[in-house]
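Q: I'm new to this one and would like to go through it a piece at a time. Can you bring it up?

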Amino acid sequence: MGQNITNFDIRMMHRCFELAKNGAGHVAPNPLVGSVITYDNKIIGEGFHRACGKPHAEVNAIHSVKNPDLLKHATLYVNLEPCAHHGKTPPCSDLIIAHKIPRIVISNVDPYAKVAGKGIEKLKAAGRKVIHGVEKKQGWFLNRRFFTFHTEKRPWIILKWAESADGFIDIYRENAENIRPKWLTNQMAKHLVHRWRAEEDGILVGQNTALLDNPRLNTREWKGKNPVRILIDPELKVPSSFHIFDNSQSTLVFNYIKNGKKGHVEYIKTVPDSSMPETIINELFQRSIHSVMVEGGAYVLQAFINAGLWDETRRFIGEIHLGSGVKAPYFTGIPSTKMLMGNSILYKYYRDSGLLDGTI
């Protein structure tokens, strides 16, 4: 990190983080970015990236300044390096240079190959003072999906399930017509899960969950975009009349039988002796899916755990005792956070235990 960083600089970077989060669920595959402009230690402009294809945070912040003459004496804060290339919008670094903003403070260098330090180089070449690395750990956590996609070449993987106080995720059921699943949490948790779905690119379930629950896997309990539905159905046993095939949103079906596409449903044939989690994750990367939430069932969740393919686990534990049924996945770890949610507790875990949560 550069020198001459003040407490005010750090506070302004945290303000950038707060602004950036307003774009959650709308900007993918772009990162979450917020920007603040100050003059004489007072905020004179703010902005955030609202949606993919729309102006970037720096552009919105610059255009929000009522007296543009102050920009020549201002500091621009942004949590991710300004872009230096022409994409769906012009380079932000060019706009910063054109307005003669003398000082730019950045949290993270952009890992995207078309940027990757080029924005900082362009600003420095124009004589601007650039400081980067400010609160970079928090900045990385904010854009963990984006950074993981570009550095590890895979989506950020979230595992999510609810289990009873005695370690079961469901009672034994023969089919969905006779017995419905036992509800282990509450309406508050349901709203939260639908908000989570709106924030991720994809949502994944296995064959048994689809057959027993006939889930819609959408965001009907929350205003937001529907994720891509991903179904593991090796023998194509899930009937075409089920909700997951209703053509209301993009759906990928990993199977051993066929390739093809019908409406919004695409079938992807895989090799039976391959590792299904790895096959799926590789395919999702090729499709520019930056994050996926694995919702079940127990067999699928355990397969991802055993393969070491997870970054974040969201585990509800309810107060209900089932006595018997389908065992919850075998999972060990120390939770990073714990939140009481009515009749259940939400625990969050990170494979990298050093990651922050809920602090930005």
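Q: Asn247: buried, exposed or partly exposed?
A: Asn247 counts as partly exposed, at 34% relative accessibility. Buried means under 20% relative accessible area, exposed means over 50%, and partly exposed is in between, with a 1.4 Å probe and protein chains only. This is a predicted model, where local features need pLDDT of at least 70, side-chain atom pairs count only at pLDDT 80 or more, and totals for chains, interfaces and linings use all residues. Residues are numbered from 1 along each chain as its sequence is written, and side-chain values use heavy atoms, with hydrogens and water left out.

Q: Where is Asn247 found?
A: In the loop between strand S9 (228-232) and strand S10 (251-255). Helices (H or I, at least four residues) and strands (E, at least two) are DSSP runs, numbered from the N terminus. Phi of Asn247 is near 65 degrees, a positive value in a residue other than glycine.

Q: What about Lys100, which phi does it have?
A: Near 60 degrees, again a positive value in a residue other than glycine. Lys100 sits in the loop between helix H3 (92-98) and strand S4 (103-108). With a relative accessible area of 51%, Lys100 is exposed.

Q: OK, cis bonds now. Which residue is joined to Ala28 by a cis peptide bond?
A: Pro29, with omega about 10 degrees. Pro29 lies in the loop between H1 and S1. Another cis peptide bond runs from Gly296 to Gly297, with omega near 0 degrees. Gly297 is in the loop between strand S13 (291-296) and helix H10 (298-306).

Q: And Val27, where is its place?
A: Val27 is in the loop between H1 and S1. It counts as buried, at 3% relative accessibility. Leaving aside neighbours within four places in sequence, Val27 is in contact (heavy atoms within 4.5 Å) with Leu32, His49, Arg50, Ala51 and Cys52. Val27 and Ala51 are 24 residues apart in sequence, and their C-alpha atoms are 4.3 Å apart.

Q: Back to H1. How many residues does helix H1 have?
A: Helix H1 (residues 7-20) has 14 residues and reaches 20 Å from its first C-alpha to its last. That is close to the 20 Å expected at 1.5 Å a residue, where the expected span is 1.5 Å times one less than the number of residues. Its buried residues are Phe8, Asp9, Met12, Met13, Cys16, Phe17, Leu19 and Ala20.

Q: What covers the buried residues of H1?
A: The cover includes strands S1 (34-39), S2 (42-48), S3 (75-80) and S4 (103-108), and also helix H5 (136-142).

Q: Why is H6 largely enclosed by the rest of the structure?
A: Because 7 of the 9 residues of helix H6 (residues 144-152) are buried. They are Arg144, Arg145, Phe146, Phe147, Thr148, Phe149 and His150. H6 is followed by Lys153, whose phi is positive, near 60 degrees.

Q: Which helix does Ile305 lie in?
A: Helix H10. Ile305 is buried, with a relative accessible area of 14%. Leaving aside neighbours within four places in sequence, its contacts are Leu159, Trp161, Trp310, Pro329, Tyr330 and Phe331.

Q: Now the whole protein chain. How many helices and strands?
A: The secondary structure comes to 10 helices and 17 strands. The radius of gyration is 23 Å, close to the 21 Å that the globule rule gives for 360 residues, so the chain is as compact as a globular protein of that length. That radius is taken over C-alpha atoms, and the globule rule is 2.2 Å times the number of residues to the power 0.38.

Q: What part of the protein chain counts as buried?
A: Of the 360 residues, 51%. Among contacts between residues at least 6 apart in sequence, 69% join residues at least 24 apart.
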